[in-house]
Amino acid sequence: MNAINLESSGKLLVKGPQIAKGSVKISGSKNAVLPIMAATLLTKEKVILRNVPELADVQTMTEILEYSGKTINRNDEILIIEENKELVGEIPYEPVRKMRASFNVYGPLTLRTKETKVALPGGCSLGVRPVNYHLEGLKKMGIESTTEHGYVMGKIIDSKNEINISLPFPSVGATEHLISSAVLLEGKTIKISNCAMEPEITDLIDFLSKMGAQIEGKNTSIITIHGVKELHGLEYSVSPDRIEAGTYIIMGAIIGDNLKIERVCIDDLRILLNMLEEIGIEFEISEKENYVKISKVDFKNLKNLNIDTAPYPGFPTDLQPQISVLASLIPGKSTISENIFSSRFNHIDELNRMGAKIRLEDNTAIIDGVDYLSGAPIQASDLRAAAALLIAALSAEGESIISNIDHIFRGYEKLKEKLDKIGIKIEYN
Ligand code: EPZ
């Protein structure tokens, strides 16, 4: 796969409106495979991961694990991760700067190398994104951190045998990081409350349990871990990407003609499907064959939507920009409140450039539906905003040029191939 350079981001030329028909297969989950890859640091043994998407972020995590001393080979959707030499406890700024999720190697690496120096992850266009919950929880587990010159230095200190951690907010990253760092604390019991319950965390817990970890409370907000001496290697298949699936489902509701989205986990998509049903969108699902089939509807027949993003099982913030496009085409007033990230509305100005009528009041977008969007030069600020602008451009009258589009390759595998297969024409340059 050609290395994607996010620095010199490309442009996408899109002529609208287009119709999406046929079927698209969903890839493995980006947000599940990244913490799972970080957790492979917990064992010396060989790990084989299946259903691993080919994405820029997976490439970045691969680089980070190789920095730490792992040997990684890829064969199509399979990743083989081995350890043939002593691990190194230092991860430089460059890869961490590119991807926040890379910080989740810090705890597991400190447990293995006893001393680490890992770059602090920066913020991004979604707002300030500190890691205080991570560091406070790790401290209770005996990993002491000092930060200087943009790096966190970690070392092992004594800790109690009974450890209680209560997260101030059900942070996905902190929950994953603390669970992964607790499993090897032999003879200790660690209880983490107010945990996030996203399906990606269930995937991580299944992975760790199959390595020999002792974890109770899966799918609940209270996780209890009984530390063990060591973990063994395994073969594991990553779950399907519910955000990629949700993106294609929303695309189908706006420009679909019996668009079939395959290899999905229906349960993970319930909140989205229930919301679409509530506003009057019909679709066919098969829990047996794991697909959703959906077509564009006459927006005039739809009810307005009022959404609050929230931790799972609430409405995912990673589908907020995409659902804003649908809301912008439904006559009347809809509202979307963003409660996870302080500034995840960078797509709003761009949609307004295309003729949408959206205004912001604090963390709420107030959307007055319009009959159609018009093609325009627009720019993407982050991964999900890029996906939303692509959907908007595909539904719009006329030509759009989306710049900074390379963000989209961080989370959507084989995008051009998949779009081609459902009859969608885009030009990348
Ligand atoms: C994960 O990010 C996902 N990333 C994000 O998806 C997703 O938007 C987010 O969870 C929420 O669902 C991956 O899984 C790789 P958080 P994460 O910790 O873990 C604050 C995408 O598009 N916070 O749950 O970084 C934080 O600032 C990406 O695929 C602290 O204040 O999210 C935010 O406001 C974007 N201190 C809130 O909590 C901390 O120590 C939720 O963040 C940690 C978090």
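## Close-up views of a predicted model

View 1. The model shown here and in every view below is predicted. The buried residues of helix 10 include Gln320, Pro321 and Gln322. Ile323, Ser324, Val325, Leu326 and Ala327 are also among the buried residues of this helix.

**View 2. Leu319 lies in the loop between strand 18 and helix 10.** Leu319 counts as buried, at 2% relative accessibility. Its contacts, leaving aside residues up to four places away in sequence, are Ile243, Gly246, Thr247, Ile250 and Leu272. Ala387 is 68 residues from Leu319 in sequence. In space, the two C-alpha atoms are 9.3 Å apart.

**View 3. A cis peptide bond joins Tyr312 to Pro313.** Omega of this bond is near 5°. Pro313 is in the loop between strand 18 (306–308) and helix 10. Most peptide bonds are trans.

**View 4. Gly16 and Pro17 are joined by a cis peptide bond.** Here omega is about -5°. Pro17 sits in the loop between strand 1 (12–16) and strand 2 (20–25).

**View 5. Helix 6 packs with helix 7.** Two packed helices are described by the angle between their axes and the distance between the axes. Helix 6 covers residues 172–182, and helix 7 covers residues 199–210. Their axes are 10 Å apart, at an angle of about 10°. That makes helix 6 roughly parallel to helix 7, because angles under 35 degrees count as roughly parallel. Helix 6 brings Val172, Thr175, Glu176, Ile179 and Ser180 to the contact. Helix 7 meets them with Glu200, Ile201, Leu204, Ile205 and Leu208. By class, the contact has 6 nonpolar, 2 polar and 2 charged residues.

**View 6. Phe207 and Tyr236 form an aromatic pair.** The whole structure holds 3 aromatic pairs. In this one, the ring centres are 5.4 Å apart. The ring planes of Phe207 and Tyr236 stand at 75°, so the pair is edge-to-face. Phe207 lies in helix 7, and Tyr236 lies in strand 14 (residues 234–237). The pair therefore ties together parts that are 29 residues apart in sequence. Phe207 is buried, with a relative accessible area of 0%. Tyr236 is buried too, with a relative accessible area of 6%.

**View 7. Phe409 and Tyr428 form another aromatic pair.** Their ring centres are 5.5 Å apart. Their planes stand at 85°, so this pair is edge-to-face. Phe409 is in the loop between strand 23 (398–403) and helix 13 (415–421). Tyr428 is in strand 24 (residues 426–428). The pair links distant parts of the chain, 19 residues apart. Tyr428 is partly exposed, with a relative accessible area of 40%.

**View 8. The charged end of Lys117 sits over the ring of Tyr151.** This charged end is 4.7 Å from the centre of the Tyr151 ring.

**View 9. The charged end of Lys260 sits over the ring of Tyr291.** Here the charged end of Lys260 is 4.3 Å from the ring centre.

**View 10. Asn194 has a positive phi.** Most residues other than glycine have a negative phi. Phi of Asn194 is near 55°. Asn194 lies in the loop between strand 11 (189–193) and helix 7. Asn194 counts as partly exposed, at 29% relative accessibility.

**View 11. Asn258 is not a glycine, yet its phi is positive.** The value is about 55°. Asn258 is placed in strand 15 (residues 256–262). At 45% relative accessibility, Asn258 counts as partly exposed.

**View 12. Ser166 counts as exposed.** Its relative accessibility is 52%, and the cut-off for exposed is over 50%. Ser166 is in strand 10 (residues 162–166). Ala119 is 47 residues from Ser166 in sequence. In space, C-alpha to C-alpha, Ser166 and Ala119 are 25 Å apart.

Terms used
Residues are numbered from 1 along each chain as its sequence is written. This is a predicted model: local features need pLDDT of at least 70, side-chain atom pairs count only at pLDDT 80 or more; totals for chains, interfaces and linings use all residues. Side-chain values use heavy atoms; hydrogens and water are left out. Axes are lines fitted to C-alpha atoms, for helices over the stretch in contact, and angles run from 0 to 180 degrees between N-to-C directions. Helices (H or I, at least four residues) and strands (E, at least two) are DSSP runs, numbered from the N terminus. Angles under 35 degrees count as roughly parallel, over 145 as roughly antiparallel, 65 to 115 as roughly perpendicular and the rest as oblique. Contact means heavy atoms within 4.5 Å. Ala, Val, Leu, Ile, Met, Phe, Trp, Tyr, Cys and Pro count as nonpolar, Asp, Glu, Lys and Arg as charged, and the others, Gly among them, as polar. Rings of Phe, Tyr and Trp (its six-membered ring) pair if their centres lie within 6.5 Å; planes under 30 degrees apart count as stacked, over 60 as edge-to-face and the rest as tilted. Buried means under 20% relative accessible area, exposed over 50%, partly exposed in between (1.4 Å probe, protein chains only). A charge sits over a ring if NZ of Lys or CZ of Arg is within 6 Å of the ring centre and within 35 degrees of the ring normal.
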